[in-house]
Amino acid sequence: MQISTDEMPGGITRVALDGRMDIAGAAVVDLKMNLIAGSAKKLLIDLQKVDFLGSMGLRSIVLPARAVHSRGGKVVLFAPNEMVESVLKTSGIDALLPIHHHLDAAVAALA
Amino acid sequence: MLALPTAVMHASNQSTDASSPEPRLTLKSQLADLTLVWSWVEALAAQHSISAETQFAIQLCLEEALSNVIRHGYSGQANQSVTVACTVECASTGRRELVFVVEDHGPPFDPLAHPHAGQAPAPASIAELEPGGQGIRLMRSFAHRVAYQRLPNGNRLTLAFVIKQ
C-alpha cells in the first residue's frame, strides 16, 4: 500500500492511495492520513489505484474525513473502481462523502 | 507495524494436485495472520474460476469475519486459533456455491446480532458514522448467505458465495 500527496490549485490537497486497503494496508496509511487530515481544508482522496477496500480501510478514510469536516473543511472521494464504489455505497458513506469520477467535478465539489 | 504471520496450512486433506490450495486454513488469532487469507483465496479463486467480483466479496467478508473473531471473540489474545474451511456445494437448482466456514473456540459471539448488523439506517452525518461499524453490513450485502451457529465450545460463521457460470 502506498500513499502520496500533492497540492492542487485552490488549496486542495490530493491524497492518492495505491494498493489494497485491507487491514494491513490501512495500518500502513493511517498515520499519514491522520497527519494530512490535521491540516487539510479541502481533501481529495484519489482512489483510482485502490483495488480492494475492506471495513478497516473504510475506517482509514472515515476518521480523517471526520477530522477535516469537524474543522469546517470538505472531503471528496475520486474515481473508485466499481467494487470499491459498491463498498462505499453499501456502507452509506457515499451519502456523506461525495464520489466523483471526473476530476473537474471533484474539484468543483471542494470549491 | 503488524507482526509476521505464523499460520500453518493444515495438511489433513492433501490433494493429489500439488498446485491446489488446501481446503482448510488455520490462523493464529492475530491480525497479521490475515495476510495469509489473501493468497489462499486467490488460489481458490483460480481453482474454481471465480470472477474478480466474487473474489473481492470473499476477501471482504473473510477479512471482516476473521478480524471480528480476533478483536472481539478472543479480545486480542494472540495465542488462540481460528480455522477457515472451504467447500463447494451444489444446490438442487444446479447452482454451485463456494462455502466458507469460520470456526473459533472463543466465548459466544454472534456478529449478526451486533447492533450494527446491517439493520440500522445509514448514519445521517459523518460525525455519526461509526468508523468500525460497517463490517457486518458489508458481510450481509456481499455474501450470498451468512449464518451463525453457536458450538458447544466456540462459534461457527458460514459465508456462501454463488459461483457464477
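Let me start with a term. A cavity, on a 1 Å grid over the protein atoms alone, is a set of points where a 1.4 Å probe fits but cannot get out, and its lining residues have an atom within 4 Å of a point. This is a predicted model: local features need pLDDT of at least 70, side-chain atom pairs count only at pLDDT 80 or more, and totals for chains, interfaces and linings use all residues. On bookkeeping, residues are numbered from 1 along each chain as its sequence is written, chains are lettered from A and ligands numbered from 1 in the order in which they are written, and side-chain values use heavy atoms, with hydrogens and water left out.

Cavities, then. The structure holds two of 30 Å³ or more. A volume here is the space filled by probe spheres set on the points, with grid points joined across faces, edges and corners. What is the volume of the largest cavity? About 80 Å³. Its lining is Ala65(B), Asn68(B), Val69(B), Val102(B), Asp104(B), Phe109(B), Pro111(B), Tyr148(B), Asn155(B), Arg156(B) and Leu157(B). Helix 2 (52–73), strand 4 (96–104) and strand 6 (154–163) of chain B each give two or more residues to that lining. Helices (H or I, at least four residues) and strands (E, at least two) are DSSP runs, numbered from the N terminus. By class, the lining has seven nonpolar, two polar and two charged residues. For those classes, Ala, Val, Leu, Ile, Met, Phe, Trp, Tyr, Cys and Pro count as nonpolar, Asp, Glu, Lys and Arg as charged, and the others, Gly among them, as polar.

The second largest cavity has about 50 Å³ of space. Residues of chains A and B line it: Gly54(A), Ser55(A), Leu60(B), Cys61(B), Glu63(B), Glu64(B), Gly135(B), Leu138(B) and Met139(B). Which element supplies the largest share? Helix 2 of chain B, with four residues. Four nonpolar, three polar and two charged residues make up this lining.

Back to strand 4 of chain B. Seven of its nine residues are buried, meaning under 20% relative accessible area with a 1.4 Å probe, protein chains only. Strand 4 pairs antiparallel with strand 3 (81–90) of chain B over nine bridges; pairing takes at least two bridges found by DSSP. Ala85(B) stands opposite Val101(B) there. The hairpin of these two strands has five residues between them, and Gly94(B) takes a positive phi near 95°. Nine bridges also join strand 4 to strand 6 of chain B, again antiparallel. Leu98(B) faces Phe161(B) across that pairing.

A quick stop at helix 1 (35–47) of chain B. Buried there are Val37(B), Trp38(B), Trp40(B), Val41(B), Leu44(B) and Ala45(B). Just after this helix, Ser49(B) has a positive phi of about 55°.

Now chain A. Five strands form an open sheet, in the order 1-2-3-4-5, with mixed pairing. Strand 1 (2–8) and strand 5 (99–100) are the edges, each pairing on one side only. Strands 1 and 2 (12–21) of chain A pair antiparallel over seven bridges. Thr5(A) has Val15(A) as its bridge partner in strand 2.

What lies across these strands? Helix 1 (23–37) of chain A lies across strands 1, 2 and 3 (42–53), at about 170° to strand 2. Helix 2 (55–70) of chain A lies across strands 2, 3 and 4 (74–78), at about 175° to strand 3. Contact means heavy atoms within 4.5 Å. Axes are lines fitted to C-alpha atoms, for helices over the stretch in contact, and angles run from 0 to 180 degrees between N-to-C directions.

Technical notes: On a 1 Å grid over the protein atoms alone, a cavity is a set of points where a 1.4 Å probe fits but cannot get out, and a pocket is an open set with protein on both sides within 12 Å along at least five of seven lines; lining residues have an atom within 4 Å of a point. Buried means under 20% relative accessible area, exposed over 50%, partly exposed in between (1.4 Å probe, protein chains only).
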